[in-house]
Amino acid sequence: MKNIVIYPGTFDPITYGHIDVIKRVCSMFDRVIVGVGENPDKKSLFSLDERIEIVQIVVKDISNIKVEGFKGLVIDFAKKKKAKIIVRGLRVFSDFEYELQMSLTNRNLAPDIETVCIMPDEKYFYISSRLINQVASLGGDISKFVPPFVEKRLREKFLKLTAGR
């Protein structure tokens, strides 16, 4: 039986830190599904369809990966995809507290699905989508944090937003 792993997130936008985790996960497991989620608690810059498209383009050269959007609980998405493992990225200590709470809640909802946390390379520890969006919105250089395609899409999005004001 092949190991099916879910790596969920909002990916708004996907960063080099996310990509580093994806590559690590793809080297360890047979099949990886990047679940691009709709989080009602977050106001996303990009729509769900835009985020799915961006992630698909960024990871297109990785063979054992599939990108899918989902709404609702990650645990329900994992069950639907018959995944036995949910992968979460950990950057800083505050991530650990949140991920521990989520992992224990998921374990109670589905005891047969494990959560595995993976840390990106230390050069990506401080990168967050929220900060990248903030820097991009103010015209700052984000080329060290995201692939060129993502940078282009961010610039286009902020141009549209400022033109609409």
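Guide: Gladly! Let us begin with a term: a residue is called buried when its relative accessible area is under 20%. This is a predicted model, and buried residues make up 47% of the 165 residues in its chain.

Visitor: What makes Gly17 count as buried?

Guide: The relative accessibility of Gly17 is 8%. The cut-off for buried is under 20%, so Gly17 counts as buried. Gly17 is part of helix 1, which covers residues 16-28. Leaving aside residues up to four places away in sequence, Gly17 touches Pro120 and Tyr124.

Visitor: How far apart are Gly17 and Lys43, in sequence and in space?

Guide: They are 26 residues apart in sequence, and 21 Å apart in space from C-alpha to C-alpha.

Visitor: Which pattern does the chain follow along the sequence?

Guide: The chain has 6 helices and 5 strands, and reading along the sequence gives β-α-β-α-β-α-β-α-β-α-α. Of the contacts between residues at least 6 apart in sequence, 73% join residues at least 24 apart.

Visitor: How do you know that the radius of gyration agrees with a compact globule?

Guide: For 165 residues, a compact globule would have a radius of gyration near 15 Å; the chain has 16 Å, so the two agree. Along the principal axes, the C-alpha atoms fill a box of roughly 50 × 30 × 30 Å.

Visitor: How many aromatic pairs are there in the whole structure?

Guide: A search finds 4 aromatic pairs. One of them joins Tyr7 and Phe11, with 5.4 Å from centre to centre and 70° between the planes. Planes over 60 degrees apart count as edge-to-face, and the pair of Tyr7 and Phe11 is edge-to-face. Both Tyr7 and Phe11 are buried.

Visitor: Why is the pair of Phe70 and Phe77 called stacked?

Guide: Their ring centres are 4.5 Å apart and their planes are at 15°. Rings pair if their centres lie within 6.5 Å, and planes under 30 degrees apart count as stacked, so Phe70 and Phe77 form a stacked pair.

Visitor: And how do you know that Phe70 and Phe77 are buried?

Guide: Phe70 has a relative accessible area of 8%, and Phe77 has 6%.

Definitions and conventions
Residues are numbered from 1 along each chain as its sequence is written. This is a predicted model: local features need pLDDT of at least 70, side-chain atom pairs count only at pLDDT 80 or more; totals for chains, interfaces and linings use all residues. Side-chain values use heavy atoms; hydrogens and water are left out. Helices (H or I, at least four residues) and strands (E, at least two) are DSSP runs, numbered from the N terminus. The radius of gyration is taken over C-alpha atoms; the globule rule is 2.2 Å times the number of residues to the power 0.38. Buried means under 20% relative accessible area, exposed over 50%, partly exposed in between (1.4 Å probe, protein chains only). Contact means heavy atoms within 4.5 Å. Rings of Phe, Tyr and Trp (its six-membered ring) pair if their centres lie within 6.5 Å; planes under 30 degrees apart count as stacked, over 60 as edge-to-face and the rest as tilted.
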